[in-house]
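Let's go through this one in questions and answers. Have the picture open as you read.

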Amino acid sequence: MSKLVDSAAKAVAAVARDGMTVAVGGFGLSGIPTTLIKALRDTGVKDLTIVSNNMGVDGKGLGLLLENQQVSKVLASYVGENKLFAKQYLNGELDVEFVPQGTLAERLRAGGAGIPAFYTPTGAGTPIADGKPEMRFNGLRTILELGIVADLALVRAHRADLEGNLRYRLTARNFNPLVATAGRVTIAETELVEDGFIAPDDIHTPGIYVHHLVRTESTEKDIEQRTVRARVDA
């Protein structure tokens, strides 16, 4: 039975609602589900909690949701490339929970694996630990972190088959496999749809985690910061 939906707009509109928590794959602008983010923006839903490594840049990626005043809270590791994010945060328009990058990855993995919480030494004795239960294991101070389960997860794959099995490309893999497992409903966009099935050894995210699949509407890949070496004449 095919999980392929005619359009991202249709797939997202069927589940989007005000106040939901949305986990989004990607790192910077690499591997972000651009088509699905635009579809979420176009629904106009408000008061969203976004869980993502970062919030894109001004005018791109999740920055589109910030521009549209759709986000009320963000859980992220890094937000330094988005001036609008900083402005909304400093003006008190945006609630922000900064999460160490490894902890964010593990919270998503835990949520996807059905683990409600775990202890980690990361952040112990810092403001990250404020209000969190602490324990010591073999003398090591640790804090309790909660697993993340999102109402909706949006990811981007390079290849998929009609059963929703996904394969990511190179560094675009990043947070996508973790996010895919952490959603009560997971929608994946993909650049290529296989006629048959992806070979089992080539699958990064099994289709059991993916509820809906859409084709990526744009294959253009934005570069956050282009860095090149000086040209050396032969």
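Q: Which residues lie nearest the centre of the largest pocket?

A: Leu29, Ser30, Gly31, Ala172 and Lys221 do, and they are among the 17 residues that line the largest pocket. Keep in mind that this is a predicted model. The volume of the largest pocket comes to about 320 Å³.

Q: What makes up the lining of the second largest pocket?

A: Leu29 turns up here, along with Ile32, Thr34, Ile37, Lys38, Gly59, Lys60, Gly61, Leu64, Ser218, Glu220 and Asp222. They split into four nonpolar, four polar and four charged. The top contributor is α2, with three residues, and the volume of the second largest pocket is about 190 Å³.

Q: Why is the pair of tyrosine 89 and phenylalanine 98 called edge-to-face?

A: First, the search of the whole structure turns up two aromatic pairs. In the pair made by tyrosine 89 and phenylalanine 98, the ring centres are 6.2 Å apart, and rings pair if their centres lie within 6.5 Å. The planes sit at 90 degrees, so the pair is edge-to-face, a label that takes an angle over 60.

Q: Which residues of the largest nonpolar core touch the most other members?

A: Val22, Leu40, Ile50, Met55, Val71 and Phe85, out of 30 residues in that core. Two or more residues come from each of α1 (8–13), β1 (21–24), α2 (34–43), β2 (48–51), α3 (63–67), β3 (71–76) and β8 (150–160). The biggest giver is α2, with four residues. Apart from this core lies another one of 22 residues, including Ala105, Leu166, Tyr168 and Val179.

Q: What is valine 22 in contact with, leaving aside its neighbours within four places in sequence?

A: Its partners are Leu40, Leu48, Thr49, Ile50, Val51, Ala150, Leu152 and Leu154. Here, contact means heavy atoms within 4.5 Å.

Q: Which residues of α2 are buried?

A: Thr34, Thr35, Leu36, Ile37, Ala39 and Leu40 are. After α2 comes glycine 44, with a positive phi near 80 degrees.

Q: What is the phi of aspartate 47, and where does aspartate 47 lie?

A: Its phi is positive, about 60 degrees, although aspartate 47 is not a glycine. You'll find aspartate 47 in the loop between α2 and β2.

Q: Why is aspartate 47 called partly exposed, but leucine 170 exposed?

A: Check both against the cut-off, since exposed means over 50%. Aspartate 47 has 45% relative accessibility, so it counts as partly exposed. Leucine 170 has 66%, so it counts as exposed. Leucine 170 also has a positive phi, near 50 degrees, in a residue other than glycine. Leucine 170 is in the loop between β9 (166–167) and α6 (176–181).

How values were computed
Residues numbered from 1 in each chain as written. Predicted model: local features only at pLDDT ≥ 70, side-chain atom pairs only at ≥ 80, totals over all residues. Heavy atoms only, no water. Phe/Tyr/Trp six-rings, centres within 6.5 Å; stacked < 30°, edge-to-face > 60°. Core = buried A, V, L, I, M, F, W, Y, C linked by side-chain atoms within 4.5 Å. Buried < 20%, exposed > 50% of the residue type's maximum accessible area, 1.4 Å probe, protein only. 1 Å grid on protein atoms, 1.4 Å probe; cavity = no way out; pocket = protein on both sides within 12 Å on 5 of 7 lines; lining within 4 Å. Points joined across faces, edges and corners; volume = space filled by probe spheres on them. Nonpolar A, V, L, I, M, F, W, Y, C, P; charged D, E, K, R; others polar.
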